[in-house]
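User: Hi! Could you walk me through this protein? I'd like to look at it together, one bit at a time.
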Amino acid sequence: MDGKTQGTELVQNPEEAEPPGTMPVVTDIAELAGIRATIPPLGSFSRTFQKPAPSSRTPFPVKFPTSSRSEEFRARFFPLATPAEWSDWRWQLRNRVRTLEDLERVVTLTADERTAIQRHTGSLPFAITPYYLGLLDPSDAEQPLRRTMIPVTDEYLRTAGEAEDPLSEDKDSPVPCIVHRYPDRVLFLVANSCASNCRYCTRSRMVENPDSASIFFQYQWEQAISYIAAHPEVRDVLLSGGDPLTLSDEKLEWLLSRLRRIPHVEFLRIGTKVPVVMPQRITTSLTRILKRFHPLWMSIHFTHPDELTPETVEACARLADAGIPLGSQTVLLSGINDTVPTMTRLMHGLLKARVKPYYLYQCDPIVGSSHFRTSVRRGLEIIRGLRGHTSGYAVPSYVIDAPGGGGKIPLLPEYYVGRDGDEVVLRNYQGLEFRYPDPAGAAEQAG
């Protein structure tokens, strides 16, 4: 597999299946949670809302397309799955590859990879959707996408400065599922599982943690929603996890409706990697629901240009056509995407897919992440290699999410050189210096 998927022929599959509601309903939330609900509950997930009648005209096919590459992979390694099942996101989720035996049917593992999988206990087990597994190189252990998904024994090395919760999110969690760090916005953790598990995950401590597998139930969502309703300074709510898009339509609709009823919540955001690892999730039903809750934004986790397959581009098109502004969040990873050419390809591909590059993150120092982390200098070199050499729309903000709970801190190459009398000295992307007249600034500095 060479990872080249652009322009691959798309094959229409039989109709998509839509998910049923499965979340248990809690009827007496105040008694169960021990809190006073500040907004009334809406009842069960499954029949809370009446779905609008389907439009006579849809902006994209109802059936989710499959590339010829994915179809060949399905026929070879999942021959018992029908094309309809392959294009059903619930089938993708149920059939994630999670065992050494199943993985070795597709991938020739190195001794190091096999040992790492066998040693694993606790949270963040390896898990890969069949679709995304089809993008991994079966023989090259250094392929970028493969390195992000298959464990190696370097994960068991702990180096200085690493921590289970390096961003101190637990410290800023006033109630379960809520992280309130910035004054006007909160992080709402609505799930503790993902469609595929990235090995450098910031929340590796909680993803499929066997000690907390059942924490994300409706009563804790009620606690979180009540907290938001009781804090009028919160105008922005980011749904994350885990991955919110692994929830059923009914659960998402319930959550978004409850949040939208809070007067001071101005807009909602969803952080997800699902359009990349399980694009089949972006169904007509889902987009119909999401567009009811505007303004709603979505941040998608992209890692490498090989992820920009026809399926993922189609998923992004569906979201964009539903009026959802899309931004990308990319983690800088050693040997995976830490070169200017690779990052340029990714950013250009994102713009063509109608996704605005938003953040380039320095990899968080979770335990066992040293083999993923680059120097900060490398990140600055990449930004310098983008700025001025491509459209400003293609240049993300390079940030470090400060360990200890300091929040996101932007980093820039040295474009501001300093002052010389009444002028500011600037350096452009070519390294040339220019001067800008700024006598008022000089006077302020002297005062």
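This is a predicted model: local features need pLDDT of at least 70, side-chain atom pairs count only at pLDDT 80 or more; totals for chains, interfaces and linings use all residues.

User: Where does Leu 432 lie?

Analyst: Leu 432 is in the loop between strand E13 (423–427) and strand E14 (433–437).

User: Let's go inside. Which residues touch the most other members of the largest nonpolar core?

Analyst: That core has 98 residues, and the ones touching the most other members are Leu 103, Tyr 132, Phe 188, Ile 228 and Val 237. Helix H9 (residues 218–229) gives the most to this core, with six residues.

User: What is Leu 103 in contact with, leaving aside neighbours within four places in sequence?

Analyst: Leu 103 is in contact with Val 97, Leu 109, Ile 117, Phe 126, Ile 128, Leu 133 and Ile 150. There is also a second, separate core of five residues, including Leu 187, Leu 189, Met 206 and Leu 238.

User: New topic: is Pro 183 buried or exposed?

Analyst: Pro 183 is exposed, because its relative accessible area is 64% and exposed means over 50%. You'll find Pro 183 in the loop between strand E3 (178–179) and strand E4 (185–189).

User: How many residues apart in sequence are Pro 183 and Val 234?

Analyst: They are 51 residues apart in sequence, while in space their C-alpha atoms are 7.1 Å apart.

Methods: Residues are numbered from 1 along each chain as its sequence is written. Side-chain values use heavy atoms; hydrogens and water are left out. Helices (H or I, at least four residues) and strands (E, at least two) are DSSP runs, numbered from the N terminus. A nonpolar core is a set of buried Ala, Val, Leu, Ile, Met, Phe, Trp, Tyr and Cys residues joined through side-chain atoms within 4.5 Å. Buried means under 20% relative accessible area, exposed over 50%, partly exposed in between (1.4 Å probe, protein chains only). Contact means heavy atoms within 4.5 Å.
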